[in-house]
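Below are some notes on the model, point by point. Please read them with the structure open.

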Amino acid sequence: MIRVLLADDHALFRQGLRSLLESEGMRVIGEAANGREAIRYAAETHPDVILMDIQMPELDGVKATQNILEIDANARVIIITMYRQDRYVFEAVKAGARGYILKDADAATLIDAIVRVAGGEALLDPDMAQNVLDDFRDKREVLPSGKHADLNERETMILKLLAQGFSNQEIALRLDISEKTVRNRLSEIFTKLQLNNRTQAALYAIREGIANLE
């Protein structure tokens, strides 16, 4: 059963999400009306997936996501937004959110996104990935460069599969290794490349030509 935390300042929207997710066999383990509540609930309950509204009172979704990932680097956040090109969506993805979903998406799209992210995937479409990479470049912010030569062949393949959206379980099956080995190798990859999370790793792999999203 996938455990989901809802963070949105509109009670009716949260109630609708709760009804939908519970009808699909998921468990809503908390509802936050602002970013500060989202941080507290995430730290207390360690949900499998956090649905985070981008604009909330007291603390917005970007800052809440940053704080949650500082507490738990493995937290899986999906940003909920009205607008695909929202400036804040870029910042949240850069901070480590696994991707975003539009508020007008249909139920099947939302459920699929939650299942994929719960399984370890990142929801990075080509345009979003490129926009975030361009933003890193324009602001001269650092995604480490030119270090993938330090990776061995197996680590490079794991990084490529991660960037293509495969979960740890799927990577393990494809490479005929255990999920524990995948987790350990990913930890080593993050250390070698000075990356903090799967989203940054996927962006790095795309930028360096190790993988593409087409």
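1. Where do Asp-112 and Arg-116 lie, and how many residues apart are they? Both are in helix H5 (residues 107-118), four residues apart, about one turn of the helix. Helices (H or I, at least four residues) and strands (E, at least two) are DSSP runs, numbered from the N terminus. The two side chains meet in a salt bridge, 3.7 Å from N to O. A salt bridge here is a side-chain nitrogen of Lys or Arg within 4 Å of a carboxyl oxygen of Asp or Glu.

2. A word on the basis. This is a predicted model, in which local features need pLDDT of at least 70 and side-chain atom pairs count only at pLDDT 80 or more, while totals for chains, interfaces and linings use all residues. Residues are numbered from 1 along each chain as its sequence is written, and side-chain values use heavy atoms, with hydrogens and water left out.

3. Asp-112 is partly exposed, with a relative accessible area of 40%. Arg-116 is partly exposed too, at 31%. The classes are buried (under 20% relative accessible area), exposed (over 50%) and partly exposed in between, with a 1.4 Å probe and protein chains only.

4. Over the whole structure, the search finds nine salt bridges. Side chains of opposite charge can pair when their charged atoms come close. One of the nine joins Glu-31 to Arg-14, with the closest N and O atoms 2.9 Å apart. This pair links distant parts of the chain: Glu-31 sits in strand E2 (residues 27-32) and Arg-14 in helix H1 (residues 11-23), 17 residues apart. Arg-14 counts as buried, at 12% relative accessibility. Glu-31 is partly exposed, at 22%.

5. Glu-58 and Arg-36 form another salt bridge, with the closest N and O atoms 3.9 Å apart. Glu-58 lies in the loop between strand E3 (49-53) and helix H3 (61-71), and Arg-36 in helix H2 (residues 35-45), so the pair ties together parts 22 residues apart in sequence. Glu-58 is exposed, with a relative accessible area of 58%. Arg-36 counts as partly exposed, at 48%.

6. Now the annotated site. UniProt lists Asp-53 for "modified residue: 4-aspartylphosphate", in an unreviewed entry. UniProt positions are given in the numbering used here, feature names are shortened, and annotations may be inferred rather than shown by experiment. Asp-53 is in strand E3. Is Asp-53 buried or exposed? Asp-53 counts as buried, at 4% relative accessibility. Leaving aside residues up to four places away in sequence, Asp-53 touches Ala-7, Asp-8, Asp-9, Gly-61, Ile-80 and Lys-103. Contact means heavy atoms within 4.5 Å.

7. Two backbone angles deserve a look. His-46 has phi near 45°, a positive value in a residue other than glycine. His-46 lies in the loop between H2 and E3 and is partly exposed, with a relative accessible area of 47%.

8. Asp-176 also has a positive phi, about 55°, although it is not a glycine. Asp-176 is found in the loop between helix H8 (168-175) and helix H9 (179-193). At 70% relative accessibility, Asp-176 counts as exposed.
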